[in-house]
Amino acid sequence: MRVLITGASGFVGKNLIKYLNSIDGFHAVGLSLREEGWINFNIDSFDSIIHLAGKAHDTSNVSHPSSYFEINRDLTITLFNKFKHSSVKDFLFFSSVKAVADTVDNILFEDAVPYAITPYGVSKLQAEMFLNSQELPDNKRVFILRPCMIHGPGNKGNLNLLYKIVEKGIPWPLASFENERSFLSIENLSFLISRILINNDLKSATYNLADDDFISTNQLVEIISEVLERKSKLLKINPRIIKFIANFGDKFPFPLNSERLKKLTESYKVSNTKIKTDLSLLKLPITAIDGLKRTIKSFK
């Protein structure tokens, strides 16, 4: 099976190409949509397109809103139209859970009414809406994939920030915030993609992608402490004081701002029941805790 992957230079793309090429019968290659003339690339020799290329959410809020729509929506439309008029069978679009909800009160399922707020989320949602509005020949399939926070060895972000705090022996100051979150290890993501590609019985669908278990930030601190072989330090400070400090960070250079506080302390639980049911899976290969441990060990 020949697979064409856009955004192959990114963390997910590099890992996905490596994973798929380790499976007998797969040959995955990347296509850069940044290069002029990519639209003239002949895709007819491929069986599937995995569209990863996109503009990620900018937590510092310095990106112009229009850039999200040009890349996440318009580029997807252009690539899909090329796919539609080709002999390629499958189109896998990487959207995001943020296309549906910026915050989640209970558990996010695929049938939730979308309420995107940020330019990032809205641009992904508009791309989804376009794909869902298209008539497809019987021999073609479109899968809209909504991953939650993806992590893996070598990937930095809020996990790395949390790791540095624990590594320095600084007590975790946000322990008063109780939450539960979904994560997605790169291993489980790659496994799910491979199973979608080889399952010819699947019909076009939208799927959430997440690990099986929910993890609290306090539990994450304990996991990091375990990896570092030290006792976890959880400091419970009045949430009002923390929010005041975060507001200060919105106006002046400071490690904590409202956006980062939200990401570190909010609950965001995502169900993966639908994709596991359709793929006849009881559980994913790696538990949420083991996946996080693998990522955290790579920081050492």
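These legends describe close-up views of one predicted model.

In this predicted model, local features need pLDDT of at least 70 and side-chain atom pairs count only at pLDDT 80 or more, while totals for chains, interfaces and linings use all residues. Residues are numbered from 1 along each chain as its sequence is written, and side-chain values use heavy atoms, with hydrogens and water left out.

**View 1. The open sheet of six strands.**
Read the strands in the order S2-S1-S3-S4-S6-S9, with parallel pairing. Helices (H or I, at least four residues) and strands (E, at least two) are DSSP runs, numbered from the N terminus. Two strands pair if DSSP finds at least two bridges between them. Which strands stand at the edges? They are S2 (27-31) and S9 (205-209). Each has a single partner strand, so one side of each is left without a neighbour in the sheet. Neighbouring strands are turned by 20 degrees against each other on average, direction ignored. Axes here are lines fitted to C-alpha atoms, for helices over the stretch in contact, and angles run from 0 to 180 degrees between N-to-C directions.

**View 2. Strand S1 and its partners.**
S1 is mostly covered, with four of its five residues buried. Buried means under 20% relative accessible area, exposed means over 50%, and partly exposed lies in between (1.4 Å probe, protein chains only). Five bridges pair S1 with S2 in the parallel sense. Find Ile5: its bridge partner in S2 is Gly30. S1 also pairs with S3 in the parallel sense, over four bridges. There, Thr6 stands opposite His51 of S3.

S6 (residues 141-147) and S9 run parallel and are joined by five bridges. Contact means heavy atoms within 4.5 Å.

**View 3. The open sheet of three strands.**
The order is S7-S8-S10, and the pairing is mixed. S7 (149-151) and S10 (214-215) stand at the edges. Each has a single partner strand, so one side of each is left without a neighbour in the sheet. S8 (residues 181-185) pairs with S10 in the antiparallel sense over two bridges. Arg181 stands opposite Ile215 in S10. Helix H5 (residues 186-198) packs on this sheet, touching S7 and S8. Its direction makes about 70 degrees with that of S8.

Ile107 is in strand S5 (residues 107-108). Is Ile107 buried or partly exposed? It is partly exposed, with a relative accessible area of 33%. Not counting residues up to four places away in sequence, Ile107 touches Phe214, Lys269, Val270 and Ser271. Ser182 is 75 residues apart from Ile107 along the chain, and their C-alpha atoms are separated by 9.7 Å.

**View 4. Arg294 in helix H10.**
H10 covers residues 288-297 and holds Arg294. Arg294 is partly exposed, at 43% relative accessible area. Leaving aside its neighbours within four places in sequence, it is in contact with Pro153, Glu187 and Ile286.

**View 5. Two loop residues with positive phi.**
Glu229 lies in the loop between H6 (217-227) and H7. Its phi is positive, about 55 degrees, although it is not a glycine. Glu229 counts as exposed, at 72% relative accessibility. Now turn to Ser280, in the loop between H9 (273-278) and H10. Phi of Ser280 is near 55 degrees, a positive value in a residue other than glycine. Ser280 counts as exposed, at 67% relative accessibility.
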